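Dear colleague,

Please find below a structure that I am handing over to you, followed by an account of what was found in it.

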Amino acid sequence: MSVIALNPKSEPLGKTPKETAEARALRETTPRQWFPYAAPQARGRDPQDIAVSFRDIGRKFGEKTVLDNIDLDVPAGQFLAVIGKSGCGKSTLLRLLTGLDRPTTGTLTVKKGENGENRTRIMFQEPRLLPWARIAKNVEVGLTGIAGGEEAREKSLAILREVGLADRAGEWPSVLSGGQRQRVALARALVAHPYILALDEPLGALDALTRIEMQQLLERIWLQQKFTAVLVTHDVAEAVALADRVIVIDRGRIALDLDIPLERPRRHGSPELARLEGEILDTLFGEKAG
Amino acid sequence: MRTTGRSILKNASGWALPAIILLLWEIAARTGLISPNVMAAPSAVAEAFWRLLLSGELIRNIGVSSARALSGFVIGGSIGLVFGLANGLSSLSRNLTDTTLQMVRNIPHLALIPLVILWFGIDEQAKLFLVALGVFFPIYVNTLLGIQSVDPQLVEMGRVYGMSRSSLFFRVILPGALPAIFVGLRYALGIMWLTLIVAETIAASSGLGYMAMQAREFLLIDVVVLSILIYALLGKLADSFARLLERLTLQWHPAFQTA
């Protein structure tokens, strides 16, 4: 059985309000072992369901304040893009979210699994594949402590099919191209069906065409699995093309919080996208009023 | 078929130069260009080889020397590996021992021979001690270097994915350090034979070095040359074995992928 088949229904594009009664019934009557790693999509976009919550978060490195009084709620299933100039603190935000770093002040709540396990995954700017493990084994790293042996193998092959690399499962990472390696890294991050996927400029090092391909892949998989995505990027066009909501961080504070209520799939270069892009760029440069 | 033929040819090409040298050497000895007191002809060496092989002396001496070399290597190598791993993984251990080890490393271990003879006589322990000491440092230094050069981004990735300390070690750190450990291994194999030759030549009552020294006493140049050649062959054998291991375990490394 493919991993994707675990998602019983794929929601229509655009805004999806509440879980229907049948969906709820299906979710509640299905034995848990059938959906051991089921994505949180079954909960839909319930406004009560907050995946990540920052409360007065501050982070200082010595005397330098990198993040200051950040208040942010990310509803489950939302695609959030975080934009800012270099050194504005956006990577720190992501490191806090994934537990790689701790805040100096404030409280951070991140949705965990039912047994309190960590269901947050991060995709780095570099693929960070183990050069000494074959592609399938690299994907299985994503199931560390969750599944092993034959089960892990099957799941990793299924997710590799999803990113279009099933035929490369037995190869070494060194023979893959940059874009393919990053797709393997995406498969590794998603194989355990995370609640939250943090993306730290994962497409930054790719060429323009591969980038667009990867954006489409990311959007497609996100629509299928409905995890909460937090994408840190410095590419404004990428942010408005992919995200439901964009926040701009400037000097450690949230300078702009903007919903992108556009239908998917979005067309690159549409006037609506351009208008939103302009608004964000105005906040980043000049027009301090924001 | 063609590819196997080509690979045999490729392997054989390394042996062409030694074969030509051997041939020239034989001609020079036969024509009297090289006096028999200075250097034995290859045919004389081959004769000596056959004689000693039949008497069983050669096999016994090779056995004794190899056993010494290998046991010294195992002892010194495993201590080196343990210290290398410990100091690579724990800064406490490194702070405690690294300075001391680096100081000891700078003493040429062969300088200890007089002291070692005083301690152990010319018994087996003396050779074991010297070989182990000689082998220890290349393994230690390279293991430590290998662990320190493991990509910290990969270690961070392993942590994010919830790897336990042991699986982080076996899946990320050790494989990352392996290429450097192999460099140390091959270097240590060279030192192993070198140390043993010196130790056996100076003080021994059996082994290849002893055989060579005895032959010198009786002016048997052919046997002296034979022992030197056998040392060369054993060294090459050890190195090939290390290369084979390298090729088996480092398949992922672009340098070892067969085109």
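Predicted model: local features only at pLDDT ≥ 70, side-chain atom pairs only at ≥ 80, totals over all residues.

Residues are numbered from 1 along each chain as its sequence is written, and chains are lettered from A, and ligands numbered from 1, in the order in which they are written.

The buried residues of α2(B) are B:Pro42, B:Val45, B:Ala48 and B:Leu52. They sit on the same side of the helix because they cover an arc of only 115° around its axis, the arc being that of the directions from the helix axis to the C-beta atoms. The helix covers residues 42-55, which makes 14 residues, and its first and last C-alpha atoms are 20 Å apart, close to the expected 20 Å; the expected span is 1.5 Å times one less than the number of residues. Just after α2(B) comes B:Gly56, which has a positive phi of about 85°.

Chain B as a whole

Chain B contains 10 helices and zero strands, where helices (H or I, at least four residues) and strands (E, at least two) are DSSP runs numbered from the N terminus. Its C-alpha trace spans about 75 × 60 × 30 Å along the principal axes, and 33% of its 259 residues count as buried. UniProt, in an unreviewed entry, lists residues 58-239 of chain B as "domain: ABC transmembrane type-1"; such positions are given in the numbering used here, feature names are shortened, and annotations may be inferred rather than shown by experiment. That span is 86% helix and 0% strand, and its end C-alpha atoms lie 22 Å apart.

Chain A

For chain A, UniProt (again an unreviewed entry) lists "domain: ABC transporter" at residues 52-276, a span that is 32% helix and 27% strand. In helix α4 of chain A, the buried residues are A:Ala152, A:Lys155, A:Ser156, A:Leu157, A:Ile159, A:Leu160 and A:Glu162, and they pack against α3 (135-140), α5 (178-190) and α6 of chain A. After α4(A) comes A:Gly164, with a positive phi near 80°.

Where the chains come together

The contact between the chains takes 13 residues from chain B and 15 residues from chain A. On the side of chain B, α7 (152-160) and α8 each supply at least two residues. By class, that side has nine nonpolar, three polar and one charged residues; Ala, Val, Leu, Ile, Met, Phe, Trp, Tyr, Cys and Pro count as nonpolar, Asp, Glu, Lys and Arg as charged, and the others, Gly among them, as polar.

The largest nonpolar core has 127 residues, and those with the most contacts inside it are A:Val82, A:Val230 and B:Met192; such a core is a set of buried Ala, Val, Leu, Ile, Met, Phe, Trp, Tyr and Cys residues joined through C-beta atoms within 7 Å. Helix α8 (residues 165-202) of chain B gives the most to this core, with 16 residues. The residues that A:Val82 touches include A:Lys90, A:Val230 and A:Ile249.

Backbone details to look at

Most residues other than glycine have a negative phi, and most peptide bonds are trans. A:Arg251, however, has a positive phi of about 45° and lies in the loop between β8 (245-250) and β9 of chain A. B:Leu219 likewise has a positive phi, near 60°, and is found in the loop between α9 (208-217) and α10 (221-249) of chain B. Finally, a cis peptide bond, with omega about -5°, joins A:Arg264 and A:Pro265.

With best wishes

Definitions and conventions. Buried ≥ 20, exposed ≤ 12 C-beta atoms within 10 Å, placed from the backbone. Contact = placed C-beta atoms within 7 Å. Lists of a residue's contacts leave out its neighbours within four places in sequence.
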